[in-house]
Amino acid sequence: MSNVITGLFENASKATLAIYRLEALGVLNSEISIVANDSYTKDDFAVDEGTKAAEGGIIGAASGGVLAAIVGGLTAVGVVASGGTGLIVTGPVVAALAAGGAGAAAGGTVGAVIGAFIPEHEIKYYEDAIAKGSVLLGVKYTSENKSDIEDALKNAGAENVSTA
C-alpha cells in the first residue's frame, strides 16, 4: 500500500482519539486501517469521558460514524507463530492482504499484516509493540492532507508517525 501514514499508539483509547480527529478532517473509514492484538475487543475502541476527546468538541465533530464503521469491520486474521497471539485488523489492509495472497483469513502472520504499512527492517519493532498492546493505525493520504493527518496522529499521542 503506498501513500500511507502510520501511527503507533500505546492503547486503544489513544487510537480512538486519533480516529475521531481524522474523521473531523474528513478522512473516510475506507482510508483507515487498524492492526491490534486480539486482546482488544470492539468495546475497547471507544472514547472515555475522561479523555481530551470529550473536551474541545472532537466527539461533536465526529458525526459521520467513521469510528463505528471501522470498529464494526474489525476482523480476526491470523496467529503469530511465536506466542499464539491473534490479530484484529480492519480497513484497506484486509483487502490488500487478500489480493496479495498473504493468507490472512487462513493464518497470516503479524509480519505480513504489518508489512503492508511498514518497511521490512522495522517490522520486528512493530510486532513486539503490537504484541504488548500497542495499536497501529494506517491512513491513506494525498498531498493535500498529508501534514494534517500527521498532525492529527501526533496530537492524539502516536509514539511513532511514519510515511510509506
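The axes of α1 and α7 come within 8 Å of each other and cross at roughly 150 degrees. Axes here are lines fitted to C-alpha atoms, for helices over the stretch in contact, and angles run from 0 to 180 degrees between N-to-C directions. That crossing angle makes α1 roughly antiparallel to α7; the label applies to angles over 145 degrees, while under 35 counts as roughly parallel, 65 to 115 as roughly perpendicular and the rest as oblique. The crossing of α1 and α7 is right-handed, a term used when the near helix is turned clockwise from the far one by less than a right angle, left-handed being the anticlockwise case.

Before going on, the ground rules. This is a predicted model, in which local features need pLDDT of at least 70 and side-chain atom pairs count only at pLDDT 80 or more, while totals for chains, interfaces and linings use all residues. Residues are numbered from 1 along each chain as its sequence is written, and side-chain values use heavy atoms, with hydrogens and water left out.

Which residues make the contact between α1 and α7? On the α1 side they are Ala18, Arg21 and Leu22, and on the α7 side Ile149, Ala152, Leu153 and Asn155. Contact means heavy atoms within 4.5 Å.

Staying with α7, its buried residues are Ile149, Glu150, Ala152 and Leu153. Buried is under 20% relative accessible area, exposed is over 50%, and partly exposed is in between, with a 1.4 Å probe and protein chains only. These α7 residues lie on the same side of the helix because they cover an arc of only 160 degrees around the axis, the arc being that of the directions from the helix axis to the C-beta atoms. After α7 comes glycine 157, with a positive phi near 105 degrees.

Now the overall layout. The chain has seven helices and six strands, where helices (H or I, at least four residues) and strands (E, at least two) are DSSP runs numbered from the N terminus. In order from the N terminus, the elements run β-α-β-α-α-β-β-α-α-α-β-α-β. Of the 164 residues in the chain, 44% are buried. Among contacts between residues at least 6 apart in sequence, 77% join residues at least 24 apart.

Next, the cores. A nonpolar core is a set of buried Ala, Val, Leu, Ile, Met, Phe, Trp, Tyr and Cys residues joined through side-chain atoms within 4.5 Å. The largest one has 24 residues, and those with the most contacts inside it are Phe9, Leu22, Phe45, Leu137, Ile149 and Leu153. At least two residues of this core come from each of β1 (4-9), α1 (12-24), β2 (32-37), β5 (135-140) and α7 (146-155). The element that gives the most is α1, with six residues. A second, separate core has nine residues, including Val35, Leu87, Ile118 and Ala129.

That brings us to α6, residues 123-131, where the buried residues are Ile123, Tyr126, Ala129 and Ile130. They sit on the same side of α6, since they cover an arc of only 130 degrees around the axis. Following α6 is glycine 133, whose phi is positive, near 115 degrees.

Is glycine 133 buried or exposed? Glycine 133 is buried, at 9% relative accessible area, and is found in the loop between α6 and β5. Not counting residues up to four places away in sequence, glycine 133 touches Glu10, Asn11, Asn37 and Tyr40. Tyrosine 40 is 93 residues from glycine 133 in sequence, with 8.2 Å between the C-alpha atoms.

Serine 134 is in the loop between α6 and β5 and is buried, with a relative accessible area of 9%. With residues up to four places away in sequence left out, serine 134 touches Leu8, Phe9, Glu10, Val35, Ala36, Ala129 and Glu159.

Isoleucine 32 is found in β2 and is buried, with 0% relative accessible area. Isoleucine 32 and isoleucine 19 are 13 residues apart in sequence and 8.2 Å apart, C-alpha to C-alpha.

Threonine 163 lies in β6 and counts as partly exposed, at 36% relative accessibility. Its contacts, not counting residues up to four places away in sequence, are Val4, Ile5, Tyr141, Lys146 and Glu150. Threonine 163 and threonine 6 are 157 residues apart in sequence, and 6.3 Å apart in space, C-alpha to C-alpha.
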